[in-house]
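Hi,

Here is the structure I promised to pass on. Have a look at it first, and then read my notes below.

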Amino acid sequence: MTGKPTTGRFDKTPGWLDWFEGPAKPAFQLPPGAVDAHCHVFGPGDTYPYAPERKYTPCDASQAQLFALRDHLGFSRNVIVQATCHGADNRAMAAACRASGGKARGVATVKRSVSDAELEALHADGVRGVRFNFVKRLVDFTPKDELMEIAARVKQLGWHVVIYFEAVDLPELWDFFTALPTTVVVDHMGRPDVSQPLDGPEFSLFMRFMEAHGNVWSKVSCPERLSLSGPPALNGERHAYRDVLPFARQVVERFPERVLWGTDWPHPNLKQHMPDDGLLVDVIPHIAVTPERQQQLLVTNPMRLYWPEEA
Ligand code: 0GY
């Protein structure tokens, strides 16, 4: 239903898993106005070439394919997050935001050299945040003073900062994160090691991070990326990713006004299995267990952050 994954003139990273064709219709009915608050577009590489400094080459995943998935799953809107394979060239993401007719907002990656006019053009396209990536397999190091300077500039536009890091790096990054002057959105709960206890030191630190800093939000996304127990087919359930659920449920319960959810389509860098996005949606009622929490997670919170003029 979303079309066949394709590649243009770029050769995919060996072993690259293409996104899932023909996802199921979710059994869980999304509330009206639901936002998929973390997804990407890749290329197409022939139109929007992948960045020379990239650490992987994906298969193409176009704006049309993303919008078809949105409609199939029952989402109303997308937040399209700049992926590292496009570096600081935001053209594919920005074009998708423009093409969405107001149904997509974006999160960009920029360098210190970005001009005010470029930031304003991105704002007009629908961008409302910048992403700082600290996952070492994905990016080269950027000096923190450069990032802080960018954060101060985008604050003037009312944007926020999205941070992506591994849980083991939180202690070292704590002072930088807590000095950021904007709303700060953490990707995928800061990537906890879900083989550790929920109340163990690692995830407790993340909980303290959110508790002590009211400007910090978290995406409770990517069970398929964090899970060690694996996908639904293993135990015949539609949702599964059992080991991740308590972590996500706890974040939703403790911070219901500061959580977001996204598919992460087209799921870069998965090595073991590619999730069926329909079944991923069926995870939601296991982490946001009441209609009120589902409304906050999927509608109220993302609208407040990305479409405040309509919220
Ligand atoms: C994600 C996760 C990953 C990749 C990226 O920008 C990216 O390349 O975010 C990953 O490999 O964990 O959120 O898409």
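Before we start, one term: a polar contact is a pair of N or O atoms within 3.5 Å. Also keep in mind that this is a predicted model.

Let's begin with the ligand. A polar side-chain atom of Tyr56 is 2.5 Å away from one of the ligand's oxygen atoms, so that pair falls within the 3.5 Å cut-off. Tyr164 also has a polar side-chain atom by a ligand oxygen, at 2.6 Å. For Arg137, the distance from a polar side-chain atom to an oxygen of the ligand is 2.8 Å. How much of the ligand does the protein bury? On its own the ligand would expose 350 Å², and the protein buries 100% of that.

What about the wider surroundings? There are 15 residues around the ligand, and the closest are His40, Tyr56, Thr84, Tyr164 and His188. So two of the names from the contacts above, Tyr56 and Tyr164, turn up again in that list of closest residues, where being near the ligand means having a heavy atom within 4 Å of it.

Next, the aromatic rings. Searching the whole structure turns up 15 aromatic pairs. One of them is Phe10 with Tyr50, an edge-to-face pair with 5.1 Å from centre to centre and 75° between the planes. Which parts of the chain does this pair link? Phe10 belongs to the segment before β1 (35-39), while Tyr50 is in the loop between β1 and α1 (63-73), so the pair connects distant parts of the chain, 40 residues apart.

Finally, some backbone details. As background, most peptide bonds are trans, and most residues other than glycine have a negative phi. Here are the exceptions I'd like you to find on screen:

- Gly43 and Pro44 are joined by a cis peptide bond, with omega at about 5°; Pro44 is in the loop between β1 and α1.
- Trp265 and Pro266 also have a cis peptide bond between them, with omega near 0°; Pro266 is in the loop between β8 (259-260) and α9 (277-281).
- Asp264 is not a glycine, yet its phi is positive, at about 70°; Asp264 is in the loop between β8 and α9.

Happy exploring!

Definitions and conventions: Residues are numbered from 1 along each chain as its sequence is written. This is a predicted model: local features need pLDDT of at least 70, side-chain atom pairs count only at pLDDT 80 or more; totals for chains, interfaces and linings use all residues. Side-chain values use heavy atoms; hydrogens and water are left out. A polar contact is a pair of N or O atoms within 3.5 Å; within protein, one must be able to donate a hydrogen and the other to accept it, and residues adjacent in sequence count only if both atoms are side-chain atoms. Accessible areas come from the Shrake-Rupley method with a 1.4 Å probe; for residues, only the protein chains shown count as cover. Rings of Phe, Tyr and Trp (its six-membered ring) pair if their centres lie within 6.5 Å; planes under 30 degrees apart count as stacked, over 60 as edge-to-face and the rest as tilted. Helices (H or I, at least four residues) and strands (E, at least two) are DSSP runs, numbered from the N terminus.
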